[in-house]
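Trainee: Please set out the structure, so that its helix packing may be discussed.

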Amino acid sequence: MKRRRKFDPSFKREAVNLFRSSGRGLSDVARELGIGVSVLRAWVMKDDAQPEAVGYGDRDELLRLRKENA
């Protein structure tokens with residue numbers, strides 16, 4: 001049984017941004033990053049499901065601002 005790898009949120013964000021900005025297919029980007037196509041697809045779908053202001057690209061900033069306000 002394969003052990004699950006954990007990915008840093010910044011890696012996920014970069015992967016989704018690379019896919020969207022490259023114009024290449026999921027399989028090409030996933031192969032380049034050394035991850036499975038289904039993994040990248042799940043990250044892209046999760047990012048699509050997030051409200052625009054809270055996608056992978058803005059999540060770190062949102063957390064930083066919440067800490068700052070607290």
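Trainee: At what angle do the axes of α2 and α3 cross?

Mentor: This is a predicted model, in which local features need pLDDT of at least 70 and side-chain atom pairs count only at pLDDT 80 or more, while totals for chains, interfaces and linings use all residues. Residues are numbered from 1 along each chain as its sequence is written, and side-chain values use heavy atoms, with hydrogens and water left out. Axes are lines fitted to C-alpha atoms, for helices over the stretch in contact, with angles from 0 to 180 degrees between N-to-C directions. The axes of α2 and α3 come within 9 Å, and they cross at roughly 110°.

Trainee: Which term describes the orientation of α2 and α3 to each other?

Mentor: Angles under 35 degrees count as roughly parallel, over 145 as roughly antiparallel, 65 to 115 as roughly perpendicular and the rest as oblique. The crossing angle of α2 and α3 is roughly 110°. The two helices are therefore roughly perpendicular.

Trainee: Which residues in helix α2 are buried, and why are they on the same side?

Mentor: Buried means under 20% relative accessible area and exposed over 50%, with partly exposed in between (1.4 Å probe, protein chains only). The buried residues of α2, which spans residues 26-33, are Leu26, Val29 and Ala30. They lie on the same side of α2 because their arc around the axis, taken from the directions from the helix axis to the C-beta atoms, is only 100°.

Trainee: Which exposed residues does the face of α2 turned away from its buried side carry?

Mentor: The buried residues of α2 pack against α1 (9-22) and α3 (37-49). The face turned away from that buried side carries the exposed residues Arg31 and Glu32.

Trainee: Is α1 oblique or perpendicular to α2?

Mentor: α1 and α2 pack with their axes 10 Å apart, at an angle of about 140°. That angle makes α1 oblique to α2.

Trainee: Which residues of α2 make the contact with α1?

Mentor: From α1, the contributors are Phe11, Ala15, Leu18, Phe19 and Ser22. The residues of the contact of α1 with α2 divide into 7 nonpolar, 1 polar and 1 charged. On the side of α2, they are Leu26, Val29, Glu32 and Leu33.

Trainee: Which residues does Glu32 touch, not counting residues up to four places away in sequence?

Mentor: Glu32 is found in helix α2, and its C-alpha atom is separated by 10.0 Å from that of Ala15, 17 residues apart along the chain. With residues up to four places away in sequence not counted, Glu32 touches Leu18 and Arg24.

Trainee: How many charged residues are in the contact of α1 with α3?

Mentor: The axes of α1 and α3 come within 10 Å and cross at roughly 90°. Among the residues making the contact are Lys12 and Arg20 of α1 and Asp47 and Asp48 of α3. The division is 7 nonpolar, no polar and, for the charged residues, 4.

Conventions. Helix = DSSP H or I, 4+ residues; strand = E, 2+ residues; numbered from the N terminus. Contact = heavy atoms within 4.5 Å. Nonpolar A, V, L, I, M, F, W, Y, C, P; charged D, E, K, R; others polar.
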